[in-house]
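Subject: Structure for you to look at

Hello,

Here is the structure I said I would pass on. My notes on what was found in it come after.

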Amino acid sequence: MPDPYVPKEAIGHGDGGSAALAIGEAESLERRPGAGPPGPDPLGKPRSLWSDAWHDLYRNPVFVISALVIVFLVIIAIWPQLIATGNPYRADLAKAQQGSQPGHPFGFDTQGRDVYTRVVYGARASITVGVCATTGAALLGSLLGGLAGFFGGWGDTLLSRLADIFFGIPVILGGLVFLSVVTSTTVWPVVGFIVLLGWPQISRIARGSVVTAKQNDYVQAARALGAGNGRMLLRHIAPNAVAPVIVVATIALGTYIALEATLSYLGAGLKPPTVSWGIDISAASTYIRSAPHMLLWPAGALSITVLAFIMLGDAVRDALDPKLR
């Protein structure tokens with residue numbers, strides 16, 4: 001057998017390079033156990049689930065476009081005066097229902113208020129309701145579902161039956177009944193209602209993920225080594241069970257924005273003087289023939305916002321689900 005430390009240049013390359021291949025195998029066998037490879041690894045460093053998902057996301061044009069739209073919406077929701085210098089409450093009845101004019105590209109509503117300014121300021125209420133409701137439902141549902149899936153027993157059974165009760169409540173009808181007695185003009189009653197009816201879906205997803213994750217070998221090994229319940233939940237189970245919750249919550253955010261607009265359209269959601277796309281759509285619905293611009297612009301903004309969040313959720317789902325690779 002040739003000396004593995006003899007330079008390859010000194011060995012003949014007959015038979016299509018078989019001698020060089022043998023030298024390479026010998027070098028691998030003779031290398032010390034702790035030594036690294038002689039050169040860069042052609043396969044690269046293994047990536048985790050999250051880094052692998054991000055690697056797929058930023059290459060996905062659907063994710064990039066939807067993320068840019070959402071970032072723009074969040075910016076104008078926080079600082080609407082960046083692109084709209086007018087006052088959304090200022091009314092001029094002499095300009096009621098007039099169309100596009102210089103400085104007022106979207107025209108005016110029935111009270112002579114600038115539709116463009118109201119569309120820009122309406123993003124604040126919709127984004128606030130969507131983000132706060134999704135965060136509340138995700139936290140509450142993940143906590144209850146995760147604990148029920150980890151401990152099981154009577155708590156798991158009680159949570160399942162409680163979730164069934166909330167699933168049986170019609171969303172629109174429940175919103176009309178619950179919010180009809182609320183006189184507040186803030187977004188918080190609507191947020192509270194959506195969280196109340198939104199957490200069961202998240203809890204079922206979280207419960208199923210925790211039940212699947214706690215059966216893995218690394219969790220059983222941690223339990224055998226004496227790890228407590230809190231450590232196993234926070235260090236071993238939660239990081240590997242949170243991906244489905246993130247996907248469902250991202251898609252649900254767009255649904256919650258549409259739900260807020262629907263309830264506001266029916267008069268049970270946000271109430272004036274709050275600027276909301278649903279309120280403006282409701283006020284403009286009776287003038288669809290005489291002044292269609294009053295309805296089309298807020299409805300278009302609502303549709304783009306909901307579509308952007310749903311597209312973002314689909315992209316995140318494709319990146320985090322190994323079965324779709």
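Pro-273 sits in the loop between α9 and α10 (277-284); helices here are DSSP runs (H or I, at least four residues), numbered from the N terminus. The peptide bond from Pro-272 to Pro-273 is cis, with omega near 15°.

This is a predicted model, in which local features need pLDDT of at least 70 and side-chain atom pairs count only at pLDDT 80 or more, while totals for chains, interfaces and linings use all residues. Residues are numbered from 1 along each chain as its sequence is written, and side-chain values use heavy atoms, with hydrogens and water left out.

Two other backbone points concern the ends of α4. Gln-97, in the loop between α3 (61-78) and α4, has a phi near 65°, which is positive in a residue other than glycine. Gly-152 follows α4 and also has a positive phi, near 65°. Helix α4 itself (residues 115-151) has 37 residues and reaches 53 Å from its first C-alpha to its last, close to the 54 Å expected at 1.5 Å a residue (the expected span is 1.5 Å times one less than the number of residues).

The rest is about α7 (residues 188-213). Its 26 residues should span 38 Å at 1.5 Å a residue, and the end C-alpha atoms are 35 Å apart, which agrees. α7 bends by about 40° at Gly-198, with Pro-200 following within four residues. The bend is the angle between axes fitted to the seven residues ending at a residue and the seven starting there.

What does α7 pack against? One partner is α9 (residues 229-265), at an angle of about 155° and with the axes 9 Å apart. Axes are lines fitted to C-alpha atoms, for helices over the stretch in contact, and angles run from 0 to 180 degrees between N-to-C directions. α7 and α9 are therefore roughly antiparallel (over 145 degrees; under 35 is roughly parallel, 65 to 115 roughly perpendicular and the rest oblique). By class, the contact has 17 nonpolar, three polar and one charged residues. Ala, Val, Leu, Ile, Met, Phe, Trp, Tyr, Cys and Pro count as nonpolar, Asp, Glu, Lys and Arg as charged, and the others, Gly among them, as polar.

Another partner is α5 (residues 153-167), whose axis comes within 9 Å of that of α7 and crosses at roughly 140°. That makes α5 oblique to α7. The crossing is left-handed. Among the residues in contact are Asp-156, Leu-159 and Phe-166 of α5 and Trp-199, Pro-200 and Arg-204 of α7. This contact has nine nonpolar, two polar and four charged residues.

Helix α6 (residues 171-179) also packs on α7, at about 140° with the axes 11 Å apart, and the two are therefore oblique. The crossing of α6 and α7 is right-handed. The contact includes Val-171 and Phe-178 of α6 and Pro-189 and Leu-197 of α7. It has seven nonpolar, two polar and no charged residues.

Regards

Definitions and conventions. A crossing is left-handed if the near helix is turned anticlockwise from the far one by less than a right angle, and right-handed if clockwise. Contact means heavy atoms within 4.5 Å.
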